[in-house]
Amino acid sequence: MQHVAARAAKRPIPDHGATSGSLRNAILSKLRYAMRKSAQSATDRDWYMATVLALRDRIVDVWSNSRSKQPEKRIYYLSIEFLIGRLLFDAIINLDLEDVTRNALSELGVNFDRLREMEPDAALGNGGLGRLAACFMDSMSALAIPAYGYGIRYEHGLFEQRIHEGWQREFAEDWLSHGNPWEFPRADISYSIGFGGTVEYSGGDDSTARATWSPAETVLAVPYDTPIAGWRGRHVNALRLWSARSAEPLQDAAFNQREGARPLRGEAISRFLYPNDSTAEGRELRLRQEYFFTAASLQDLLRRHRREFGSLASLPEHAAVQLNDTHPAIAVAELMRLLVDENGFSWADAWKITRRTLSYTNHTLLPEALESWTVELIGRLLPRHLQIIYQINWYHLEEVNKSGRDAAFLREVSLIEEGEEKRVRMAHLAFLGCHCVNGVSQLHSDLLRETVFHNLAQVSATRIVNKTNGISFRRWLYAANRPLTGLLVDTLGQRVLDDPGCMREIQDRAGDHDFVASYSRARQINKTRLAALLHARTGIHVQPDALFDVHVKRVHEYKRQLLNILETIALYHGIRARPNAGWVPRVKIFAGKAAASYERAKLIIKLANDVSGVINADPVVGDRLKVVFVPNYGASLAEEIIPAADVSEQISTAGMEASGTGNMKLALNGAITIGTEDGANIEIREHVGSENLVIFGMTAAEVSERREQKLQGSDIAGKSARLAHVIQSLASGEFSEGDRERFAPIVRSLLDYDRFMVAADFDAYWEAQRSIDELWRRPADWWRASILNTAHMAWFSSDRAIREYATDIWQIAVN
Ligand code: 26V
């Protein structure tokens, strides 16, 4: 495989002209003139602000340079989430200014690492989907692809999770409370976004018919730009996040407030990030958010196109719009509206332009996660769009009908789901309105073809392709794991930073005593650090030389944290029965948030904490087993945990995890995967070799077969004494101070309809864990497997993924 950065490395590295002296002066100047603070009175936060402002000036220079060249084609990445986390260290690494910054600050008597901690996480996302968007922004800048990320500037990102008596509690997050030194408000630009109102139709045939939409309400969309500096500072793209402002004249607004009648509805749009699995509540606001940012982004990019290229007829040649999941799928109807109603295109021409410009990434197969909106709601908020959706559907069904399909087929491919309440299927809308649809791992893309889009694929020219996810190595290896990166650079040279493909060369060192010692020492440094963090955050002591078994991700039934907890209980029972049987000392580390409305997931968190409490306090167990639930998982905590992991838990029910990206981050850092045949786990196995991870359990095909048989969990518990004992101990109140009710819902779900196959996979998982123990007992083999994971993960770079999007979907050349 030809590697991206290998070529990039041949380009000259721009000299940012920064020495520690010049940066020090710049920081002092920001402190004095931008913040009116003296060096004597400055706090760590002040130093953080001043440092960002000083570095930002350097980024702005490259940014202006990047923008001065008019590109042939721009990429627009529309995503309702961008989980970018902290930016300071990423920027410093990408600009190659780490030493300069450290020195400048130490000359000022400031500790750089403390200052890094001052930066709040921009938690503008729930999990993998939002983090993928952030990694893709990093890669597009690294590859100098001219791009805009478009999303929402939420005032409050993902909630802060605290654990109270084992239960998750949610607190509003407030990342902007001290100001955001990275963003540039663009008050000179704003767009009106309409909602509700009436539509007047001009009549005529499809080449002349127009509609005039008179919204009842308008909201202003104001952009804030955050520069995303690419690797080696060669290129900077903007992440443009929209903030909502009320469009009411100030006088009216003041009046409304005084009356206390209603808060400014417009501004509410960008106030909160929605947890992706929120229920019916707040759905209207969610649809408003989706239309708000999609419509603002389209207006913005059409304005840019018109300015640079004139007619919108050439839009597909100069703009590629990627819809990150269906949240921006209303773009299909909005772009049609803008072309037909506001720019006089015929329906047929507008449809061609729309399809050639848009493409769509699907991120889930779960039926309950496939977005649909009631016809009533769309009709009320977006009356013109509903007409357009019906018209698209009319043409579509007419085509399908011509091909002689039966009524059942027509019902399935229709944009409208008939039922008690009619609903618009947003994934269908995205499918029809885009020239290309992609899944995010090979298995997921195959399943998309076989399931959700099986029928649509037969009647639409839309291509379904696969683009397996990737991760930014800059953040998830170079920035997060300094000890391992140091070893890689010492062994392979600086080139590894530009060409991760050369990491495969360390496979020859996997048996070399000195290399193995250095590799394991790097892990040990990270584990010691994590042990201190665990103690500080939870009060639990763990031994850094125990096996660190890590399960970090959103808490969801299909991700099966429960399966891991049940195995933990079985292990506990085993240790208590035979304390001196030579157990491998383990630390089970859990972290993750559950959606505030997802009661079952919150009960699973409570169970993890209760099991932790019982096991950690049991003197018979001692250091053989410790269980830690770390509160408030997010990007920054992930950066601490992942480099210290020995084992990576990727145990979703097969067929349910579209890809996973945590699996990639952990394997890259040398953790051994214990996982199911699901999502990207399958491709990780192909790359790192089946002897270097542990795959267990039912396949996706077996899961769907078993589901059809409608087998009960109790059938299995009847056959597995170990599982029966675990379930019995949960039911008896062993982990709930004798309270038999607390975990009764979990017990019932295990014994009755075991939708997530937790009981069905339990024995296989237990055995898989024991083979992990076996490997751990043979350190030479363990380290070999770990090193081979790092050695063979280069393909999972988001640079590779973005290159594939560029050539196969966006049709642009990348240097
Ligand atoms: C949404 C919902 C909403 C209703 C309740 C259940 C449920 C379950 C999952 C979701 C997730 C929707 C989209 C999403 O976040 N997908 C994630 O995208 C990642 C990046 O492609 C991928 O690695 C994860 O496997 C996939 O779950």
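Student: Which helices and strands each supply at least two residues of the lining of the second largest pocket?
Tutor: This is a predicted model, in which local features need pLDDT of at least 70 and side-chain atom pairs count only at pLDDT 80 or more, while totals for chains, interfaces and linings use all residues. Residues are numbered from 1 along each chain as its sequence is written, and side-chain values use heavy atoms, with hydrogens and water left out. A pocket is an open set of points on a 1 Å grid over the protein atoms alone, with protein on both sides within 12 Å along at least five of seven lines, and lining residues have an atom within 4 Å of a point. Helices (DSSP H or I, at least four residues) and strands (E, at least two) are numbered from the N terminus, and those asked for are helix 3 (44-68), strand 4 (147-152), strand 12 (236-246) and helix 10 (283-309).

Student: Which helix gives the most to that lining, and with how many residues?
Tutor: Helix 3 covers residues 44-68. The largest contribution to the lining of the second largest pocket comes from helix 3, with seven residues.

Student: Which residues are the closest to the centre of the second largest pocket?
Tutor: The volume of this pocket is about 910 Å³. Its lining consists of 40 residues, of which the closest to the centre are Ser 66, Arg 67, Lys 69, Pro 146 and His 235.

Student: How many residues of helix 12 are buried?
Tutor: Buried means under 20% relative accessible area, exposed over 50% and partly exposed in between, with a 1.4 Å probe and protein chains only. The buried residues of helix 12 include the charged side chains of Glu 334, Arg 337 and Asp 341. Of the 12 residues in helix 12 (331-342), the number buried is 11.

Student: Is Glu 737 buried or exposed?
Tutor: Glu 737 sits in the loop between helix 31 (721-732) and helix 32 (744-751). Its phi is positive, near 45 degrees, although Glu 737 is a residue other than glycine. Because its relative accessibility is 72%, Glu 737 counts as exposed.

Student: What is the phi of Gln 811?
Tutor: Gln 811 belongs to the segment after helix 35 (798-810). Gln 811 is exposed, at 53% relative accessible area. Although Gln 811 is not a glycine, its phi is positive, at about 55 degrees.

Terms used: 1 Å grid on protein atoms, 1.4 Å probe; cavity = no way out; pocket = protein on both sides within 12 Å on 5 of 7 lines; lining within 4 Å. Points joined across faces, edges and corners; volume = space filled by probe spheres on them.
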